[in-house]
Amino acid sequence: MPHFLDIAALEPATLRQILDDASTRKRARDGRPRGAPDLDRPLDGRILATIFDKPSTRTRVSFDVAMLQLGGQTIELSGSTMQMGRGETVADTARVLSRYVDAIMIRTPNHEVLDELATYADVPVINGLTSRSHPCQVMGDVMTYEEERGPIRGAKVAWIGDGNNMAATWIHAAAKFDFRIELACPEELAPDTDVVEWARAQGAEVVVTRAAAEAAAGADCVVTDVWVSMSDETPELSTSTTARHNLLRPYQVNESIMSVAKPDAMFMHCLPAHRGQEVTGDVIDGPRSVVWAEAENRLHAQKGILNWCMT
């Protein structure tokens, strides 16, 4: 079953196929109205169930528009309005939805729910975000990097801030797309050592440091995320907001950090952003920021993922 659960689980050739399809489809739509389907309508008559256990702007809209442009449609569900939210097992939900729809996308704080859904579903399951990873976002980010600078292979990416689910997925991507990643994180919020060791075992260059300027030095791309992710709001994972801000304040991406990266280094952020916290306004709104292209490419990368999973 062609599930899209994590970048780490797929072969590099498959990931490249998905991005190539995404780029081809994006170019072919030049000038077409956003609501018009692609000319080949590869998912004509197909239905995607989207399950949201967490709030969403980009994931919800981009998956809806992606299915529309591919010729299919979505049915939106949420944990609070499903029987799953009242105690029905994930396995039973997977079995039932598989009788109605052609694929399932889920956005949930619990990665184990994603894995269980994929185990019992007879249709493809797509990871729309968990507390452990965010592969759809990073596929769009890699696509954005390559649109702006060419192949990401051999580049240096600097991750500055919390070693969270986005950081983990960038580490997965470093192993699959063959680029170097240096992460600057406070010790208390360092990336999962299992993820780092897995990537290194795959041959990836992964460096973890405490110094933001050291990670950013000579980087082709500087990436960060909010200081308090939705995945950090669960009681078992959270430190207090104040304590987390204190830990992460030295990891703000500002002009001082960008000045040690390459002169043409780009800035990325998966959004939503908090100007004055993890990034200053002059960086995210400045000429080296590609955050709006990143947001747009969620749509195109997910079209590549959906087309790969469902055809």
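Tutor: Lys156 has its bridge partner in strand 6, namely Arg180. Please bear in mind that this is a predicted model. The bridge belongs to a parallel pairing of strand 5 (residues 156-160) with strand 6, which extends over 5 bridges.

One of the pairs here is Leu183 with Val208, the latter lying in strand 7. Strand 6, helix 7 and strand 7 likewise form a right-handed β-α-β unit.

Let us now turn to the helix of this second unit. At the start of helix 7, Asp192 places a side-chain oxygen within 2.7 Å of the backbone nitrogen of Asp194. Within helix 7 (residues 193-201), the buried residues include Val195, Val196 and Ala199. Because these three cover an arc of only 100° around the axis, they lie on the same side of helix 7. In general, residues three or four places apart in an α-helix point the same way, because there are 3.6 residues a turn. The buried residues of helix 7 pack against helix 6 (165-177) and strand 7 (206-209). On the face turned away from the buried side, one finds the exposed residues Thr193, Asp194, Glu197 and Ala201. After helix 7 comes Gly203, which has a positive phi, near 95°.

Technical notes:
Residues numbered from 1 in each chain as written. Predicted model: local features only at pLDDT ≥ 70, side-chain atom pairs only at ≥ 80, totals over all residues. Heavy atoms only, no water. Buried < 20%, exposed > 50% of the residue type's maximum accessible area, 1.4 Å probe, protein only. Helix = DSSP H or I, 4+ residues; strand = E, 2+ residues; numbered from the N terminus. Arc of directions from axis to C-beta. Contact = heavy atoms within 4.5 Å. Polar contact = N/O pair within 3.5 Å; in protein donor to acceptor, adjacent residues only side chain to side chain. Pairing = 2+ DSSP bridges. Right-handed = clockwise from strand over helix to strand, strands pointing away.
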